[in-house]
Amino acid sequence: MEQKVRRYPTEPLMALFPDDLTDSTVAAMLSINRVTVGKWRREPQMISEWYADELAINLGMHPIQIWANWLEEVA
């Protein structure tokens, strides 16, 4: 089984959303829990490429649009 390495920071993802957008709204857009959004806004985390990919897709984006090093890391 392939290990999920956490190598993508949540800061670039959270930077896509204005500070005045509620955690609940951001959570709905990402299809995740609002508590997670609040946590990431206060304390950025590292996430796996699989989770990063899923979150980007939930926004209708490709991960490289959020994480500039995507192709270097995944390839």
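Buried residues are taken here as those under 20% relative accessible area, exposed ones as over 50%, and partly exposed ones as in between (1.4 Å probe, protein chains only). Helices (H or I, at least four residues) and strands (E, at least two) are DSSP runs, numbered from the N terminus. The model is predicted, so local features need pLDDT of at least 70 and side-chain atom pairs count only at pLDDT 80 or more, while totals for chains, interfaces and linings use all residues. Residues are numbered from 1 along each chain as its sequence is written, and side-chain values use heavy atoms, with hydrogens and water left out.

The chain holds five helices and two strands, and from the N terminus on its elements run β-α-α-α-β-α-α. The radius of gyration (taken over C-alpha atoms) is 12 Å, close to the 11 Å that the globule rule (2.2 Å times the number of residues to the power 0.38) gives for 75 residues, so the chain is as compact as a globular protein of that length. Along its principal axes, the C-alpha trace spans about 35 × 20 × 20 Å. Of the 75 residues, 29% are buried. Contacts (heavy atoms within 4.5 Å) between residues at least 6 apart in sequence join residues at least 24 apart in 55% of cases.

Helix α2 (residues 23-30) gives a clear view of how the interior is built. Its buried residues are Val26, Ala27 and Leu30. Seen down the axis of α2, these residues fall within an arc of 100 degrees (the arc being that of the directions from the helix axis to the C-beta atoms), so they line one face of the helix.

The nonpolar interior comes next. A nonpolar core is a set of buried Ala, Val, Leu, Ile, Met, Phe, Trp, Tyr and Cys residues joined through side-chain atoms within 4.5 Å. The largest such core has 17 residues, of which Leu13, Met14 and Leu30 touch the most other members. Two or more residues are given to this core by each of α1, α2, α3 and α4. Met14, leaving aside its neighbours within four places in sequence, is in contact with Val26, Leu30, Val37, Trp40 and Arg41. In soluble globular proteins, nonpolar side chains tend to be buried together.

Glu49 has a relative accessible area of 7%. Gly60, which follows α4, has a positive phi, near 75 degrees.

Charged pairs complete the picture. Two salt bridges (a side-chain nitrogen of Lys or Arg within 4 Å of a carboxyl oxygen of Asp or Glu) are found in a search of the whole structure. In one of them, Glu49 pairs with Arg7, the closest N and O atoms being 3.5 Å apart. Glu49 lies in helix α4 and Arg7 in strand β1 (residues 6-9), so the pair ties together parts that are 42 residues apart in sequence. Arg7 is partly exposed, at 28% relative accessible area. Asp23 and Arg41 also meet in a salt bridge through their side chains (2.7 Å, N to O). Asp23 lies in helix α2 and Arg41 in helix α3, so this pair ties together parts that are 18 residues apart in sequence. Asp23 is partly exposed at 26% relative accessibility, and Arg41 is partly exposed at 28%.

Ala15, in the loop between α1 and α2, is exposed at 64% relative accessibility. The C-alpha atoms of Ala15 and Arg41 are separated by 9.1 Å, although these residues are 26 apart along the chain. Ser31, in the loop between α2 and α3, is exposed, with a relative accessible area of 56%. Phi of Ser31 is near 60 degrees, a positive value in a residue other than glycine. Most residues other than glycine have a negative phi.
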